[in-house]
Amino acid sequence: MNTRKIVITGGPGTGKTSVIEALEQHGHFCFHEVSREIIREAQKKGIDQLFLKDPLLFSELLLEGRIKQFKEAHEMKSGMVFLDRGVPDVVAYMNYFGNEYPPVFNRVCKEYVYDRVFILPPWKQIYTEDNERYETYEQAVEIHDELARSYAHHGYEAIEVPEGTIAERTVFILNHLE
């Protein structure tokens, strides 16, 4: 069986995690965002903001985690699997911060190809900052734009998920996959 790999992406604070959790409640297997775990591990080691201290290391760890998720999803015996962010997200964030990165970052974006990408746009009414989310709303908007560029550059036509309740957004995604 060829498992369809579906990415849910968007800037910080757009509701991705809530939608992923709702998809799980609908019985779908979902891979969660790996960056929060990387941030928490770095904080345990006394590094408050690894992505600011060593952006290349942080991004390499993200890339490694997302590739691992892709490979695990590929081996699953399920009709479709959802991933909270994909490999092109790493390139988008590096571009957003103006950081240099090796060519392998773009190469793996072409090597690990997802079946569908949904992007959640910035939504000021639901945006909040927390212990792992340091960006302002305005920065979240800029990151969204960079994500859209990154996915388009790597050959994806991301489907924008409209504002609405978590249930409405989840149904929108599932309806587009039938």
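Glu 33 counts as buried, with a relative accessibility of 16% (buried means under 20% relative accessible area, exposed over 50% and partly exposed in between, with a 1.4 Å probe and protein chains only). The model is predicted, so that local features need pLDDT of at least 70 and side-chain atom pairs count only at pLDDT 80 or more, while totals for chains, interfaces and linings use all residues. Residues are numbered from 1 along each chain as its sequence is written, and side-chain values use heavy atoms, with hydrogens and water left out.

**Exercise 1.** Identify what Arg 66 and Arg 85 each form with Glu 33, and state where the partners lie.

*Solution.* 
- Step 1. Arg 66 and Glu 33 form a salt bridge, their closest N and O atoms being 2.7 Å apart (a side-chain nitrogen of Lys or Arg within 4 Å of a carboxyl oxygen of Asp or Glu).
- Step 2. Arg 66 belongs to helix α4, whereas Glu 33 belongs to the loop between β2 (29–31) and α2 (35–44), so this pair ties together parts 33 residues apart in sequence. Helices (H or I, at least four residues) and strands (E, at least two) are DSSP runs, numbered from the N terminus.
- Step 3. With a relative accessibility of 3%, Arg 66 counts as buried.
- Step 4. A salt bridge also joins Arg 85 to Glu 33, with the closest N and O atoms 2.8 Å apart. This pair links distant parts of the chain, 52 residues apart: Arg 85 is in the loop between β3 (80–84) and α5, and Glu 33 in the loop between β2 and α2.
- Step 5. Arg 85 and Glu 33 are both buried.

**Exercise 2.** Describe the salt bridge between Lys 44 and Glu 41, and name the residues that salt bridges with shared partners join into one network.

*Solution.* 
- Step 1. The N to O distance in the salt bridge of Lys 44 and Glu 41 is 3.2 Å.
- Step 2. Helix α2 holds both Lys 44 and Glu 41, which are three residues apart, about one turn of the helix.
- Step 3. Lys 44 is exposed at 67% relative accessibility, while Glu 41 is partly exposed at 32%.
- Step 4. The network of salt bridges that share partners consists of Glu 33, Arg 66, Arg 85 and Asp 89. The count of salt bridges comes to eight.

**Exercise 3.** Characterise the packing of α4 against α5.

*Solution.* 
- Step 1. Helix α4 (residues 55–75) packs with helix α5 (residues 87–97) at an angle of about 165 degrees, and their axes are 8 Å apart. Axes are lines fitted to C-alpha atoms, for helices over the stretch in contact, and angles run from 0 to 180 degrees between N-to-C directions.
- Step 2. This makes α4 roughly antiparallel to α5 (under 35 degrees counts as roughly parallel, over 145 as roughly antiparallel, 65 to 115 as roughly perpendicular and the rest as oblique).
- Step 3. The contact (heavy atoms within 4.5 Å) involves Pro 55, Leu 56, Ser 59, Leu 62, Leu 63, Arg 66 and Ile 67 of α4, together with Val 87, Asp 89, Val 90 and Met 94 of α5.
- Step 4. Of these residues, eight are nonpolar, one is polar and two are charged. Ala, Val, Leu, Ile, Met, Phe, Trp, Tyr, Cys and Pro count as nonpolar, Asp, Glu, Lys and Arg as charged, and the others, Gly among them, as polar.

**Exercise 4.** Characterise the packing of α2 against α4.

*Solution.* 
- Step 1. The angle between α2 and α4 is about 135 degrees, and their axes are 10 Å apart.
- Step 2. That makes α2 oblique to α4.
- Step 3. From α2, Ser 35, Ile 38 and Ile 39 meet Phe 58, Leu 61 and Leu 62 of α4. This contact has five nonpolar residues, one polar and no charged.

**Exercise 5.** State how far apart the C-alpha atoms of Ala 152 and Pro 88 are.

*Solution.* 
- Step 1. Ala 152 is in helix α7 and is partly exposed, at 48% relative accessible area.
- Step 2. Ala 152 and Pro 88 are 64 residues apart along the chain, and 9.6 Å separates their C-alpha atoms.
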